[in-house]
Amino acid sequence: MGHEVAPICRSGEEAIREIFDKRPDCILMDYFLEDDTNGRDIMLKVQKQLQTPVIFITGQPLHIIRFETKEIKHSTCMSKPFFYHDLKKAIENVTRQTCR
């Protein structure tokens, strides 16, 4: 797809640090991290300062994660496993939202 990929973060603190350090154009985030932090809480902190779009990846039912993340701007959710073309389309959609 031609995107630069940042390091994989295993904890919420590490993810927040990397996001503020790297300032990515888009975030691909597993909804549940290894330290029991969730992507919603991370993005609520991040979006106080940055409007970075995010794609939440989850093995949970999508309707639950969509409900939990409804206040996160410029976001979408995808189920695991997913296909390359679905990820590409999701990236295009969330990054287009921030350009409006």
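Tutor: Let's start with one term: a contact means heavy atoms within 4.5 Å. This is a predicted model, and in its chain residues 24 or more positions apart account for 51% of the contacts with a separation of 6 or more.

Student: Okay, and which elements does the chain have, in what order from the N terminus?

Tutor: There are four helices and three strands, and from the N terminus they run α-β-α-β-α-β-α. The radius of gyration is 13 Å, close to the 13 Å that the globule rule gives for 100 residues, so the chain is as compact as a globular protein of that length.

Student: How many of the residues count as buried?

Tutor: Of the 100 residues, 33% count as buried.

Student: What's in the largest nonpolar core, then?

Tutor: That core has 16 residues, and those with the most contacts inside it are I19, M29, I42, M43, V46, V54 and F56. The elements giving it two or more residues are α1, β1, α2 (39–46) and β2. Apart from it lies another core, of seven residues, including I55, I57, M78 and A90.

Student: Let me pick M43. What is it in contact with, leaving aside neighbours within four places in sequence?

Tutor: M43 is in contact with I27, M29, T52, V54, F56 and I72.

Student: Switching topic: what's the volume of the largest pocket, and which residues are closest to its centre?

Tutor: Its volume is about 1,200 Å³. The lining has 30 residues, and V5, A6, C26, I27 and L28 are the closest to the centre.

Student: Which elements supply at least two residues of that lining?

Tutor: Those are α1 (12–22), β1 (27–30), β2 (54–58) and α4 (84–98). By class, the lining has 19 nonpolar, two polar and nine charged residues.

Student: Good to know. Where's the cis peptide bond?

Tutor: The cis bond joins K80 and P81, with omega at about -15 degrees. P81 is found in the loop between β3 (75–79) and α4.

Student: And which residues other than glycine have a positive phi?

Tutor: R23 is one, with a phi of about 50 degrees, and it is found in the loop between α1 and β1. H74 is another, with phi near 55 degrees, and H74 is found in the loop between α3 (62–68) and β3.

Student: Why does H74 count as partly exposed rather than buried?

Tutor: Buried means under 20% relative accessible area. H74 has 21% relative accessibility, so it counts as partly exposed.

Definitions and conventions:
Residues are numbered from 1 along each chain as its sequence is written. This is a predicted model: local features need pLDDT of at least 70, side-chain atom pairs count only at pLDDT 80 or more; totals for chains, interfaces and linings use all residues. Side-chain values use heavy atoms; hydrogens and water are left out. On a 1 Å grid over the protein atoms alone, a cavity is a set of points where a 1.4 Å probe fits but cannot get out, and a pocket is an open set with protein on both sides within 12 Å along at least five of seven lines; lining residues have an atom within 4 Å of a point. Grid points are joined across faces, edges and corners, and a volume is the space filled by probe spheres set on the points. Ala, Val, Leu, Ile, Met, Phe, Trp, Tyr, Cys and Pro count as nonpolar, Asp, Glu, Lys and Arg as charged, and the others, Gly among them, as polar. Buried means under 20% relative accessible area, exposed over 50%, partly exposed in between (1.4 Å probe, protein chains only). A nonpolar core is a set of buried Ala, Val, Leu, Ile, Met, Phe, Trp, Tyr and Cys residues joined through side-chain atoms within 4.5 Å. The radius of gyration is taken over C-alpha atoms; the globule rule is 2.2 Å times the number of residues to the power 0.38.
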